[in-house]
Every structure is written in C-alpha cells, then in structure tokens.
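User: I'd like to understand the wording used for this structure. Could you take me through it step by step?

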Amino acid sequence: MSKTYYDPADLRKFGKISEWNEALGAKFFDYYNSVFQEGALTEREKSLIALAVAHTIQCPYCIDAYTGDGLQRGITKEEMMEALHVAGAIRGGASLVHGVQMMNKVNKLEG
C-alpha cells in the first residue's frame with residue numbers, strides 16, 4: 001500500500017495553516033518560534049524534547065520534523081531512542097497510575 005492517511009508532503013504545507021485566519025496563525029507561529037529559541041534549554045535539547053513528545057502524542061508529522069531537526073542539531077540515534085523510551089515509560093506509567101482510580105472505584109463498589 002503506497003498511500004497513507006498522513007501524506008508526508010503535507011508537512012511542508014504547515015505554514016499555510018494561517019491562510020484562513022492570518023491573525024491567529026501569526027500569533028501561533030510567533031509563539032511556536034519563540035518557544036524553540038535558545039533559553040534555559042538549548043535548541044538541541046528542545047528538539048529532543050519535541051521528538052519525545054511527538055511520539056507520545058503520536059504525530060507522524062512531528063516525528064518526521066523533529067527527527068530531521070534533531071539530526072541537523074547533532075542528536076544521535078542513540079539519544080533519540082533513549083528519549084523515545086523515556087516518553088514510552090511516562091506514557092505507560094500514566095496509564096498504570098490511573099489504575100489507582102479503578103482500584104478505588106472497585107473498593108468503593110465492593111465495600
């Protein structure tokens with residue numbers, strides 16, 4: 001199957017998202033670009049965080065974008081994979097900790 005729901009070419013169209021509402025689009029891109037500027041974290045660190053978050057929210061466009069960005073910033077494939085495992089551990093832990101809510105409900109209903 002050569003077609004997917006997500007067309008990789010659409011990533012290059014991201015900047016056009018402002019066309020139907022230029023004011024909000026400009027505000028978003030001003031914010032977005034400001035977030036990724038060097039600050040307390042380096043641009044490299046922010047790219048690695050973005051890659052981990054991209055996997056957590058399962059955004060194929062973001063995964064493509066921040067994999068490429070990370071490579072350009074010198075992030076190694078080992079660092080990328082470690083960041084992915086951190087994201088997976090947090091996501092898995094978040095699912096499991098919600099089990100406490102289930103346990104509380106069962107205890108209440110059985111009590």
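Analyst: Happy to! One thing to keep in mind is that this is a predicted model. Let's begin with two helices: α2 (residues 43-57) passes α4 (residues 77-97) in a right-handed crossing.

User: Which residues meet where α2 packs on α4?

Analyst: From α2 come Arg44, Leu48, Leu51, Ala52, His55, Thr56 and Ile57, and they meet Glu79, Met80, Ala83, Leu84, Ala87 and Arg91 of α4. By type, this contact has 8 nonpolar, 2 polar and 3 charged residues.

User: What makes serine 18 count as buried?

Analyst: Its relative accessibility is 12%, and buried means under 20%, so serine 18 counts as buried. Serine 18 lies in the segment before α1 (22-35). Leaving aside residues up to four places away in sequence, serine 18 touches Gly25, Ala26 and Phe29.

User: And alanine 9, how do you know that this residue is partly exposed?

Analyst: Alanine 9 has a relative accessible area of 24%. Buried would need under 20% and exposed over 50%, so alanine 9 is partly exposed. Alanine 9 is also in the segment before α1. The C-alpha atoms of alanine 9 and tyrosine 61 are separated by 9.4 Å, with the two residues 52 apart along the chain.

Key
Residues numbered from 1 in each chain as written. Predicted model: local features only at pLDDT ≥ 70, side-chain atom pairs only at ≥ 80, totals over all residues. Heavy atoms only, no water. Left-handed = near helix turned anticlockwise from the far one by under 90°. Helix = DSSP H or I, 4+ residues; strand = E, 2+ residues; numbered from the N terminus. Contact = heavy atoms within 4.5 Å. Nonpolar A, V, L, I, M, F, W, Y, C, P; charged D, E, K, R; others polar. Buried < 20%, exposed > 50% of the residue type's maximum accessible area, 1.4 Å probe, protein only.
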